[in-house]
Amino acid sequence: MNDASIVEAILFASDAPLAAGDIVRADEALDEDRVEAALTALRDEYDRSGRAFELRLVADGYQLITRPEFAPYLERFDTVPRTSRLSGPALEALAIVAYRQPISRVEVEYIRGVNSTGVIRTLLDRGLIEAVGRGEGVGRPVLYGTTGRFMEHFGFASLDDLPRPDELPVVLRDGTPLEGEADAEG
Amino acid sequence: MILERDGSRDPGTIEDGLLVVETERFHGPLDLLLHLIRTQDIDIFDIPIARITRQFLTAIEEMHDGDVDEAGEFLEMAATLVRIKARMLLPGPADDEDHDPRAELVRRLLEYEQIREIASRLRSAEDDRGRRFGKGFVQPRSRPPLMDAPLTVTWEDVFAAALAIEAPVEREREHRVETRPVSMREKVDLIVAAVTQRRRIEFAKLIAPWKERIHGVMTFLAGLELGRRRVVTLRQTEPFSPLWIYRGPNAGIGSADPSADEEALR
């Protein structure tokens, strides 16, 4: 039984992304390096043999997902509710949270120039952002940050997948995305 | 003339300095302001405040029945524009870059424009992700609930039913029918005996020996009671199809406890 087959069996049986650290539990002989090597071997094999699915790193975990060109066939099966697209205002607010986290609602509203109570509520309800702490100042406002669900929703492996300011047509002097995820302060 | 922001982003056409904008299409005053600036090829670092303020005010006058919050946000921006315009008219160190009254507005506009760009990249990522599926997307088709199954009757069925009707038998007046009481206990034993011998029995077979309806009723009730105690399992593939009684997981337990049966009789 080679490593790649073991890892493949685990990924096949899982319906959520699995980190290499999770996959290691399958066998005492495995360690993270061997799992990573097996994952690379699997990814190459799927790509080379043109499988309908591929191995993707999503939200810090690996998952087998179908390639986009098969979407038209899969979409005929409407038995599972599809994750609905976010509204324009919700995407704007989410973009602000992603780049400026941790950030309070009032700051989001200043950047957008409009009341954002509703869209923040929507983003919280959908689990795309969460309260990560409280800020200084009057009323110690709740600060928000993005979640693992956010990563999954957009298919990002990590926050590094967000477009960098120097790739954008408009460059801001202090517009760097924050590295890593903000830690919750309870 | 209507300008549509979400459309192909046509550059706005300005006739006689009049600019009509559909404000509902904008996500807020910054969005509208950016639209005015970008569609007229205005240098964002040298915004002609007087002209932009006039266009902005004209645009928000066109706002119909928008909600109060939203109108307030547009009015607040209008006030900011008017204040900037007033400051620029005042004598002062206006040439000094740091004291340009427009500086904060320009910073906000650029920041907002960047956010809008990021939002559109997020939209592309979202669309791309939406075309990829993990396990569990396709699920087996659920069976339609029994209630929805249509009752189909053909003319032949009706005709056969009509033929099956027999002329009522003239009753003898003096004759009195004494029905032998049918107990559920008796029917419980009948069913248990049947499913002990074989794995399953059709309901119709159990009631075949008797003509009186009460036997059917009591057998059915006994079947339900045994089904409840899981001594038997009742199965019917579709409405009006034969009802089958199967030996259940608790077979041999319920019948050994007569008191429980007495309970059920009450």
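Mentor: Helices (H or I, at least four residues) and strands (E, at least two) are DSSP runs, numbered from the N terminus. With that rule, R140(A) is placed in the loop between β4 and β5 of chain A.

Trainee: What kind of model is this, and how are residues numbered?

Mentor: It is a predicted model, in which local features need pLDDT of at least 70 and side-chain atom pairs count only at pLDDT 80 or more, while totals for chains, interfaces and linings use all residues. Residues are numbered from 1 along each chain as its sequence is written, chains are lettered from A and ligands numbered from 1 in the order in which they are written, and side-chain values use heavy atoms, with hydrogens and water left out.

Trainee: What makes the phi of R140(A) worth a remark?

Mentor: Most residues other than glycine have a negative phi. R140(A) is not a glycine, yet has a positive phi of about 40°.

Trainee: Why does R140(A) count as partly exposed?

Mentor: Buried means under 20% relative accessible area and exposed means over 50%, with partly exposed in between (1.4 Å probe, protein chains only). R140(A) has 40% relative accessibility, so the middle class applies.

Trainee: What is the phi of D41(B), and where is D41(B) found?

Mentor: D41(B) is not a glycine either, and its phi is near 55°, a positive value. D41(B) is in the loop between α1 (29–39) and α2 (49–61) of chain B. The relative accessible area of D41(B) is 72%, which is over 50%, so D41(B) is exposed.

Trainee: How do you know that the peptide bond from Q101(A) to P102(A) is cis?

Mentor: Its omega is near -5°. P102(A) belongs to the loop between α5 and β3 (103–104) of chain A. Most peptide bonds are trans.

Trainee: How many aromatic pairs are there over all chains?

Mentor: A search of the whole structure finds 7. In one of them, Y46(A) and F53(A) have ring centres 4.9 Å apart and planes at 70°.

Trainee: Why is the charged end of K187(B) said to sit over the ring of W210(B)?

Mentor: A charge sits over a ring if NZ of Lys or CZ of Arg is within 6 Å of the ring centre and within 35 degrees of the ring normal. For K187(B) and W210(B) the distance is 3.5 Å. The charged end of R235(B) also sits over a ring, that of Y246(B), 4.3 Å from its centre.

Trainee: How do you know that the length of helix α6 (residues 184–197) of chain B agrees with expectation?

Mentor: The expected span is 1.5 Å times one less than the number of residues. For the 14 residues of α6(B) this gives 20 Å, and the end C-alpha atoms are 20 Å apart, so the two agree.

Trainee: Why are the buried residues of helix α7 (residues 117–125) of chain A said to be on the same side?

Mentor: These residues are V119(A), I120(A) and L123(A). They cover an arc of only 100° around the axis, the arc being that of the directions from the helix axis to the C-beta atoms, so they share one side of α7(A).

Trainee: What makes a set of residues a nonpolar core?

Mentor: Such a core is a set of buried Ala, Val, Leu, Ile, Met, Phe, Trp, Tyr and Cys residues joined through side-chain atoms within 4.5 Å. The largest has 30 residues, and F150(A) and F154(A) have the most contacts inside it. α5(A) gives the most to this core, with 9 residues. A second, separate core of 25 residues includes L36(B), I42(B), F56(B) and L105(B).

Terms used:
Rings of Phe, Tyr and Trp (its six-membered ring) pair if their centres lie within 6.5 Å; planes under 30 degrees apart count as stacked, over 60 as edge-to-face and the rest as tilted.
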